[in-house]
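Reader: Please take me through this model by question and answer.

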Amino acid sequence: MKKLLSVLLVALLVAGLMTSALAGAADGKKIALVGKSAGNAFFEVAANGFKAAGEAEGAKVDVVYPEDATADAQIKVLDNLISQQPDAICISANDVNALQAKLEEAMDAGIKVSAFDSAPNPASRQVFINQVTNDGVALGLMDAVYDIAGGEGKWAILSATSQAANQNAWIDAMKALMEADEKYAKLELVEVAYGDDEPQKSTDQTQALLDNYPDLKVICAPTTVGIMAAAKLVQDTEGCAVKVTGLGMPSEMLAYTGADDAHSCPYFFLWSMPDLGKMAAYTTIALINGDITGAEGETFTAGDLGEYTITKADDGGTQVILGPLFKFDESNVEEFAKLY
Amino acid sequence: MAGKSGRSISNIPESPIKKLIFGWEGILILVFIGVNIFCKWFSEYYNMFNLLRQMPVYLAEVFLMLVMAFILVMGEIDISVGSTVCLAATMACIIANAGTPMPLVILATLAVGTCCGLVNATILTRFSELPPMIVTLATQIIFRGIAEIVLGSGGSIALSDTAGFKAINGKIGSVPYILFIVVILAVIAAIILGKSTFGRKVYAIGTNRLAARYSGVAVQKIRFIIYTLMGTAAGLCAVFMVASSYGANTTTGTGFEMDAIAMAVFGGISSTGGKGNMIGGIISAFIIVCLRIGLGQRNVNGQVILLIIGVLLIAAVALPNIFGSLRKAMKK
Amino acid sequence: MKLKKLTGSREFLLFIIVIAMFAIVSIINPAFFSFKAVTDMLRNNAVTLVMALGMLGVMLVGGIDISITSTLALSGMAIGMLLKYGHISSTLVAFLITMGIGTACGALVGLLISRAGVPPIIASMGFMYIYRAMGYLISNGGEWASAAALGDFKNFGTEKLLGLSKVIWVIIVCYIVFFIVMKWTRIGRQIYAVGSNAEAAEVSGIKVKNIKLLVHTVMGFLAGLSGAIQVAVYASAMPNMAQGGEMDVIAACVIGGVSMSGGRGSVIGALLGALIMAMIPKALPLLHIDALWQNMIKGVMILAVVVINVILQRVANRNALARREM
């Protein structure tokens, strides 16, 4: 009796929890969008854009999140997806290399694989939907640093983790740009700090930058959590002349954006997250329909975004590039904060 | 602590058949059947083929559970294993990329894991008054920290030649190698824990450490062996992790220690020591694996899956206790 | 005699370690040696400092709670969303809500442990998953509440009272209350009694189950309070905040000499342990340690502190024994 009851109860609990998570069946094209982790507002905006565009085209879009922000967890998600045999998988990879085995298996099973936001290596994808080229990010950020610092002085970078692939690519591109262009000769990059995308560690690291370099002029944080933590600390520190810029979300940065001394961030950048999702959806659908195969030089129309051409990516694979960085300052930040 | 739980599991030998049917293991078998029926109903993709195809990634964690069970029976814990997997997987890739033949790569990976285990074992036995949780917490940070340093900027390494590790993913029929290895090792572990003198000593340590020592059990020696083996198991897990991802990165193995502990605890192995057996742990491991696959196949949110596992975990331990005390109350 | 007792105590040894660490870092980088640096450090580690107190209580009765940062995230996320969508605007109400949610979460864990006999690590592990998932679910699947959405509430993290940040006042009040309760009240003595020997405590009329329920409820209360502090200090609420932070809290207590088997530990010890845990990540970048090495060095330092503490304790015990034999 006791056993029966306990089994029943356990089953009831499971069944009760399940009802909300049930997904309906659908025919037509099935696309699975795999995120980096659950609970990431940044990704959510793009996912909504993806879903809207995909469903407008008659496809069924499932957004799947791994239980953890790790490649291990994404491997389990991919295993599940291969069982379901969707028409395509579009993934934002937690690691460059780790998904190769599973994504190759998916492609062997006839599933089209595209990537966006963060690319797995060329062997594991057909095409990468890149928000902005690495050089584009580097140029935008370097010019911002140059402008805010007044052309000379010390500046520092606050990154996410030392292992974040896209962060490192941007930082390397910025360093290369500094070497190559005389314009930036008077700017001195004093340190690259890592805040692990945790508010607490980012705050410690920003504080250390302020303490270690009293004549620091600019902190550039190409990560949404980092720029938020740095902007908050700098804004809260009385008499601190340091300015913050980088890549951030308008809704996160609203309180810190402004040209006056009361705000710590004159302006910052990002790409259009809804458009990135939309673009990823159109690209993935083009893959399914056979309009493109992911080879260099192919062209396709991405809905109302216009026509795009597939180009060669820095890592040897192919990519589609959404467009340049988008600048947010006090004139437009409030408007965009409502969106994302 | 002993006798608190209403479960009928103990280390006092009973008729094994009776124990299997009426004990916690009996319930677990029912739950296992129930979970499979549920998954079959819930997911149209839930079949033997997909199950066997998806299982290897989860089975790698079962290796950890096999040794974790010994540690839990001793009333201790090791939360560094996930990081050990990370370090061993990283070294495996580096060694393999140097052109080392495959058998040597596997041996070296096991050796790296064992070395990490040795570090834990040495510290824990030399300073036996230190709680295992804090020592393994520190080594958890250290092992992953070393992997971060080794991997450097980028934090990720890929195999330059995947053929060797691809072979590890091989199958006999449609049954992957790893399933055979898990079953063989599980049988060995179950026999050692359940039938050998060594196993009885482990229970003795978990039930009453002082009494065990006075009755001549070499407590520190046994702890040393088990913590070292825990590292070896993590090395083995690392081999299969590399095989499933053709690489390693700084997050490899994150949270595996909790997964392993959850499997063992759901199987009736008490974290307060001295209770439970390997059969329960193994059945529960398969319950959790099947449930995760079944739910995952219908894209149930990862957080919701964790929530369900959390509820199951608590229910597995609390319900028998609650019913036990209810029954006692009714008898009065 | 009193001096000898003092110098032999675990807290004194720890105090020496704290001062030594502080001195070494200050010499290498004078930026560490300032009132502002110390208050900033306290503010940035308020969550660990506050929760260390609750963990002290839990560990004194021989328990452990790894669900605390999930409770923190759930309660913090709750007020984050309430503030964002304008359901509440008062700072006081927000604090009350987090404390209420935290208390309920803690009480639930405590009930399972004390009434259903679930081992603490299992009960709290289950709720670690459950509360974290609930925090995620109430965030509408991943929304964040950021500075602009938090209105006046975020000012709590920056406002000062009598020259000290309000957040630091919260820490001070918590520590004073705990110090008094643990040292001079019946409840405090009962907690120690349960941890030293639960059966003896039961026999002597202490309601062991209620004490266990109490410490977990208090732990939940402090975790909820920490949720409000976290959201105020960083002016943002995210469903994954403070993930893994429970280990820092446990490490702080163990470093502070709190025994994991119960019965031993003090408020001062927890404070010193939490200070050491706060100092390590603050000091490493100030010492210009390469970013890649910082995690490993943090681990080595935690290990070193607990091992040194054990060695010093052994020496102290041996000396005490030698004195007695004389």
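This is a predicted model: local features need pLDDT of at least 70, side-chain atom pairs count only at pLDDT 80 or more; totals for chains, interfaces and linings use all residues.

Reader: How far apart do the C-alpha centres of domain 1 and domain 2 of chain A lie?
Author: Domain 1 of chain A covers 27-132 + 273-322, and domain 2 covers 134-270. The C-alpha centres of these two domains of chain A are separated by 30 Å.

Reader: How many residues of domain 1 of chain A that touch domain 2 of chain A are nonpolar?
Author: In chain A, 6 residues of domain 1 are in contact with 7 residues of domain 2. On the domain 1 side, 1 is polar and 1 is charged, while the nonpolar residues number 4.

Reader: Which element gives the largest share of the side of chain B that touches chain A?
Author: The interface has 46 residues of chain B in contact with 43 residues of chain A. Elements of chain B that each supply at least two residues to its side include helix H2 (24-42), strand S1 (156-158) and helix H14 (302-331). The largest share, 13 residues, comes from H14(B).

Reader: How many residues of that side of chain B are charged?
Author: The side of chain B that touches chain A holds 22 nonpolar and 23 polar residues. The charged count there is 1.

Reader: Is H7(A) parallel or oblique to H8(A)?
Author: The axes of helix H7 (residues 199-212) and helix H8 (residues 224-236) of chain A come within 9 Å and cross at roughly 55°. Because of that angle, H7(A) is classed relative to H8(A) as oblique.

Reader: What is the handedness of the crossing in which H7(A) passes H8(A)?
Author: Residues making the contact include A:Thr203 of H7(A) and A:Ala229 of H8(A). The crossing of H7(A) past H8(A) is right-handed.

Conventions. Residues are numbered from 1 along each chain as its sequence is written. Chains are lettered from A and ligands numbered from 1 in the order in which they are written. Domain bounds come from an automatic or database domain assignment. Two residues are in contact if their C-beta atoms, placed from the backbone, lie within 7 Å. Ala, Val, Leu, Ile, Met, Phe, Trp, Tyr, Cys and Pro count as nonpolar, Asp, Glu, Lys and Arg as charged, and the others, Gly among them, as polar. Helices (H or I, at least four residues) and strands (E, at least two) are DSSP runs, numbered from the N terminus. Axes are lines fitted to C-alpha atoms, for helices over the stretch in contact, and angles run from 0 to 180 degrees between N-to-C directions. Angles under 35 degrees count as roughly parallel, over 145 as roughly antiparallel, 65 to 115 as roughly perpendicular and the rest as oblique. A crossing is left-handed if the near helix is turned anticlockwise from the far one by less than a right angle, and right-handed if clockwise.
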